[in-house]
Each structure stands twice: as structure tokens, then as C-alpha cells.
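Dear colleague,

Please find below the structure I promised to pass on to you.

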Amino acid sequence: MQIESNDVLVVTDVQNDFCPGGALAVPRGDEVVAPIQSIAPHFNHVILTQDWHPANHTSFATSHPGKNPFESIELAYGKQTLWPPHCVQGKVGADFHPGLNLPQAELILRKGFQPEVDSYSVFYENDRLTPTGLASYLRERGFTRVFFAGLAYDYCVGYSALDARRLGLSAVVVRDACRAIDLNGSAAAIEAHFAKAGVTVINSADLTS
Ligand code: VGL
Ligand code: ZN
């Protein structure tokens, strides 16, 4: 697949807490850094996203006495999986992995900062109503094809790619530049949604510039 001059690479949530040793470590999460570093120079436009929660965030199991991480609960906006506290604003766990070196990134988009609403997608929070502003940003900049890489394949990357399709954008997921949490079959589930929604899945070796 040929990279075009107005394609944009969205690097999602390559943060310490999602890497081995972090609070919500994605298995082999750190392995996304090398493929991301190798593909990013071929894109004219790179955006980084950062999961960015207040310490009392509603997605944290610690905010719900008696509940454990990876259980789910019903919130006003629907079902929410509870996570160990992670990516707390200003903490080391929320920093980008130290191997990620993308100074050319044109935007760093933060999400999940509303205490009462989680956000997997980089476009809409989990209430499915609150926009992050990224759709408008991409529209204003004239970007219509979005490539996704990062963490986690079955949450942030996956929900973002599906929302991109809903917004009428082309969405391409670079599979080997992602790693999955894979909670209760979530990786297979997201791939079934990709197929229905027209999300393209490729590997970094399929990219030519
Ligand atoms: C994510 C779980 C909790 C993600 C964020 O960005 O994939 N997953 N918070
Ligand atoms: Zn989070």
C-alpha cells in the first residue's frame, strides 16, 4: 500500500502504563515502538494520543469500592470495564514510552480527562456523544485517510478505527505495530467489527512510500 502525502498516522497511547511493568500492561506492548519508529518517517503527518485520566477516574476499579479490575459495571452511559488506575495525569505512567521518538508529531491529543466518562476512541468518549475534537481537526486539515498504530489493538486502536469509518474516513490499522489486551475475546471481536465496517488491516511491511 502506497502512503500518500496527505495520509496521517495516529499513534495511540504508547505510554508507560500500557507497557510491561506499567499499571495496565498490554502483553508485549513495548514491541510496538520499533515498527512505529520504522513507519513514521514515511508519513507527512503524525498525531500522538495520550490516555489522560484524573486520579479519581470512573474507569478505575478503585473508584468503585468492592469492585476489582477487569470486572464491568453499568454506568449512566452503559457498560464500563473497570481497570487498574493507569495513565494518571502528570505521572510517569502517563508519559510516552521512552523509546518513542516522534518530534515531528503535529498534535498530541489527550482523552479520558473527564472524571465521569472513559474514552477508548480518539474521536468520541465512551458516552458516544462527547467528541474529542479530532474529527474536526482532521477535516480542517484535509486528512481523509487515517492509519492507526499503538495500544491497545482491541480498545483504543480498534474503537478509533471503527469511529473513523463512521465519520466517513478511510481507516487502516497497521497490525504488527499494535498489541492487544485481549480481555474475554476482545481481539477477535474487534476484528469481526473491522470486517463489517470496512477497516483495512495491513502489516508495516505492506507499506511503501
Ligand atoms: C485503553 C483501557 C483503558 C486504551 C485506555 O487506550 O486502549 N484501554 N484505557
Ligand atoms: Zn484509560
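Is histidine 53 buried or exposed? Histidine 53 has a relative accessible area of 0% and is therefore buried, where buried means under 20% relative accessible area, exposed over 50% and partly exposed in between, with a 1.4 Å probe and protein chains only.

Before the rest, please note that this is a predicted model, in which local features need pLDDT of at least 70, side-chain atom pairs count only at pLDDT 80 or more, and totals for chains, interfaces and linings use all residues. Residues are numbered from 1 along each chain as its sequence is written, chains are lettered from A and ligands numbered from 1 in the order in which they are written, and side-chain values use heavy atoms, with hydrogens and water left out.

**The zinc site**

Asp51 (OD), His53 (NE2) and His86 (NE2) coordinate the zinc ion (ligand 2) at 2.0 to 2.2 Å; donors are N, O and S atoms within 2.8 Å of the metal (3.2 Å for Na, K and Ca), and sites may look incomplete, as water is not among the atoms. The spacing of these donor residues in sequence is D-x1-H-x32-H. Histidine 53 lies in the loop between β2 (45–51) and β3 (72–75), and histidine 86 lies 33 residues apart from it, in the loop between β4 (78–81) and β5 (107–111), so that distant parts of the chain are linked (helices, H or I with at least four residues, and strands, E with at least two, are DSSP runs numbered from the N terminus). Histidine 86 also counts as buried, at 3% relative accessibility.

**Ligand 1 and lysine 111**

The residues around ligand 1 include Asp13, Asp51, Trp83, His86, Lys111 and Ala152, a residue being near if one of its heavy atoms lies within 4 Å. A nitrogen atom of ligand 1 is 3.1 Å from an N or O atom in the side chain of histidine 86, and an oxygen atom of ligand 1 is 3.2 Å from a polar backbone atom of alanine 152.

Lysine 111, in strand β5, counts as buried at 1% relative accessibility, and one of its polar side-chain atoms lies 3.4 Å from an oxygen atom of ligand 1. The side chain of lysine 111 also makes polar contacts with the side chains of aspartate 13 (2.9 Å) and aspartate 51 (3.0 Å); a polar contact is a pair of N or O atoms within 3.5 Å, and within protein one must be able to donate a hydrogen and the other to accept it, while residues adjacent in sequence count only if both atoms are side-chain atoms.

**Aromatic rings**

There are 8 aromatic pairs in the structure; rings of Phe, Tyr and Trp (its six-membered ring) pair if their centres lie within 6.5 Å, and planes under 30 degrees apart count as stacked, over 60 as edge-to-face and the rest as tilted. Phenylalanine 43 and phenylalanine 147 form an edge-to-face pair, because their ring centres are 5.1 Å apart and their planes at 65 degrees. Both phenylalanine 43 and phenylalanine 147 are buried.

Best wishes
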